[in-house]
Amino acid sequence: MYKKLTLVLGCLLLLVVVNCSDENNLLPENNVTSGNEITDGSVTLRYGGGDLDKNLNFVNTKLSFVNLSEDAGELSNASAQASITYTPNLSGAIAATGSNWYNINNSETYYIPEGTTFTGGFNFNSAGKIIILGNLGGSNWINVPNNGRVEVGPTGKILSTANFHLNNGGLLYNYGVTNYTTNSVDGTIYNYSELAFKNAISLNSSSTVNNYCKMTFESQTNYLNAKLNNEGYLIFTKGFHINSSGNLNLIPGSYTEVTGGTVSMDGKISNSGSGYARMDFSNASLGYLNATPAVTGPVDLNFTNTNYTIFQGTNNTKITSQVTLNGNTYIAASGCVPQKGVPPCSNSQLQFTLLANVTSPTVNSAILSATSVKMLNGLAYVSYHTNDNLYGSSPYGALRVFNVSDNANPSLISEAIFNKVEFNDVNVDNGILYAVGGDKNGARLVTAPLANGTFNTQDLTLFKDYKLPSSSGKGSIFYNNSLWAVTGATGGGYFKLNPASNYSVSEQVYSTGDRSKYVARNDAYQVFFAVEANGAFVRIANSDGSSPRTYSYSGLAQTVVDGKNTLVLDTEYAYIALSDKGVAKIKLSTGELVSHFVPRNYMVNSAKVFSQTGLTNGVAVNNCYLYLANGTDGVIVLNKSTFNVVGYYKLSASANFIHINNNVAFVGNGQNGLSIIKIN
């Protein structure tokens with residue numbers, strides 16, 4: 001099955017003589033439309049199915065991934081939730097029905113049948129047992145004495161109308177749903193399903209409460225005077241107080257959530273295990289913490305809209321050294337426990353599925369090559385240019401928009417084909433698409449406002465074209481009402497452009513155009529990269545370009561200087577594609593060269609694994625891995641922390657660039673189109 005994505009974003013230049021104006025509309029006065037296509041002769045915009053559907057060839061085939069890693073382990077904090085199968089023992093048991101009262105004598109068992117609601121009462125004369133398979137309702141008091149036992153089966157419920165209370169030594173085993181409405185617990189609770197404390201509650205000193213599944217404290221007044229053990233999912237909706245005799249004991253892999261109210265402590269929050277437990281605070285406040293330390297052991301505390309300065313600072317006495325703040329520790333979903341945090345790296349489980357191959361646009365018999373991809377809000381934007389080695393200097397280009405919100409079923413929703421301009425990079429910010437490239441007269445910038453993430457299908461005049469310095473645009477970023485652009489060759493470099501003045505140059509940051517390569521940013525930094533004769537040149541600044549720092553790395557000098565070089569950032573590092581020099585990892589805060597990997601030097605059992613002519617053309621990164629588009633070697637996968645090789649997979653053609661978002665990868669294969677790959 002084929003889906004064609006030939007979205008013609010609009011041809012950029014109607015004016016051949018660029019000196020007449022710095023801004024050109026890409027459409028003459030009258031548009032020509034036909035079905036789902038609009039054109040002005042220079043730009044053709046297609047949208048909404050039809051021929052676009054023929055550009056995607058859905059494959060949905062698992063790729064052969066050669067796993068070279070020795071580490072097949074998984075770093076995680078799996079939930080320690082207990083797995084319990086409950087079967088009631090009804091031998092000799094007496095059915096409790098209607099609204100009757102029953103006296104329970106020593107060793108007697110009463111049960112509420114499944115599918116019934118009991119509204120009567122029980123009077124424990126001595127130790128006995130109640131098994132709840134239906135509903136315990138009514139409003140009578142039921143006090144469970146020392147050695148008295150209540151079991152709530154999987155089909156059973158203690159309704160919120162019942163005044164149920166555990167006295168000292170009383171036992172509650174909950175495998176169903178329990179609504180606890182009285183104001184204290186003096187006995188022992190084992191919760192294997194769902195239990196809610198509906199009102200103000202005091203866990204008195206004689207009690208022990210064990211949560212293996214989901215337990216919720218719904219009131220504003222919750223006093224912990226004894227041990228509360230959480231081995232599952234624990235929620236406090238309005239805070240709590242731990243008295244000096246109390247202890248909130250968090251088992252490794254458990255998750256505790258405070259969603260409001262005030263937390264104060266004379267006692268402790270602790271974890272005596274070796275693995276981490278996680279505790280999140282949102283829209284809450286921290287009151288007095290008299291305990292020193294107040295939190296001990298491997299506990300990760302995460303805060304949203306909650307002031308936690310009491311836990312901050314060096315030599316803080318309120319937390320021990322194993323406690324982490326905002327570590328976003330991964331908690332695996334298990335039964336009642338929801339998944340939290342980012343899943344860990346697991347080399348043994350890493351798989352790749354080729355979802356679809358996408359054919360390239362063709363303009364005047366020239367097959368275009370994909371050059372760049374950006375993904376935002378479930379949409380992927382792809383730029384294309386003409387291969388000069390095959391088609392000379394013909395400046396044909398294209399821009400496409402894919403819907404990848406359903407990563408198992410991507411679709412091409414529009415494309416713009418250009419007869420007079422080609423593109424090397426695309427970027428989207430604040431509802432505007434920015435594409436940089438060139439035509440026969442030099443470097444160009446094309447902008448287009450987006451409606452619901454895609455092109456306006458009625459008005460091609462919305463595509464605007466601007467002249468940039470030098471012969472070809474290579475990359476751009478937008479931040480704080482400024483566009484930063486990289487252009488190549490004589491007169492090129494790295495420029496700050498003013499959108500309010502037809503993207504005129506307001507500052508030239510770097511002036512060696514034939515060395516300029518690429519720019520990228522995250523929320524905190526922007527990074528510019530150039531290939532100089534004596535090594536790699538990197539400029540790291542704040543996102544707005546302020547406080548720049550420059551670094552040169554002689555050990556990263558490339559032999560191949562005319563190839564495609566890109567870079568990508570995570571929150572802490574820049575990863576730079578260096579052609580024959582592989583990939584480098586640079587620490588953003590200091591400029592330190594942390595790691596360097598050259599694929600052609602990599603060996604297993606004294607034999608080289610990768611091509612000796614392969615070039616690292618592009619890089620992409622996610623939470624665990626770094627991906628190298630390495631030409632005929634395909635895509636090489638590294639552990640982004642250690643730079644150890646995890647493995648590689650090959651495609652039907654050379655891998656020229658790669659972009660990853662939400663576990664979907666776009667790999668450019670030159671004239672052979674694009675590969676859309678799901679990372680499992």
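The largest cavity is lined by V263, M265, I269, F281, L286, L289, V295, L301 and F311; a cavity is a set of points on a 1 Å grid over the protein atoms alone where a 1.4 Å probe fits but cannot get out, and lining residues have an atom within 4 Å of a point. The structure is a predicted model, in which local features need pLDDT of at least 70 and side-chain atom pairs count only at pLDDT 80 or more, while totals for chains, interfaces and linings use all residues. Residues are numbered from 1 along each chain as its sequence is written, and side-chain values use heavy atoms, with hydrogens and water left out.

**Cavity**
- The largest cavity has a volume of about 40 Å³, a volume being the space filled by probe spheres set on grid points that are joined across faces, edges and corners.
- Two or more lining residues come from each of β34 (262-265) and β37 (285-289); strands are DSSP runs of E with at least two residues, helices are runs of H or I with at least four, and both are numbered from the N terminus.
- The lining comprises nine nonpolar, no polar and no charged residues, where Ala, Val, Leu, Ile, Met, Phe, Trp, Tyr, Cys and Pro count as nonpolar, Asp, Glu, Lys and Arg as charged, and the others, Gly among them, as polar.

- The largest pocket has a volume of about 1,200 Å³, a pocket being an open set with protein on both sides within 12 Å along at least five of seven lines.
- Its lining consists of 41 residues, and H385, N424, D562, G563 and K564 are the closest to its centre.
- By class, this lining has six nonpolar, 26 polar and nine charged residues.
- The second largest pocket, of about 1,000 Å³, has 37 lining residues, with K374, R521, V568, L569 and H659 nearest its centre.
- The lining of the second largest pocket divides into 20 nonpolar, ten polar and seven charged residues, and β44 gives the most to it, with six residues.

**Nonpolar cores**
- The largest nonpolar core has 58 residues, of which F164, F197, L228, F240, L248 and M279 touch the most other members.
- Such a core is a set of buried Ala, Val, Leu, Ile, Met, Phe, Trp, Tyr and Cys residues joined through side-chain atoms within 4.5 Å; buried means under 20% relative accessible area, exposed over 50%, and partly exposed in between (1.4 Å probe, protein chains only).
- A second, separate core of 25 residues includes L52, V363, L368 and A398.
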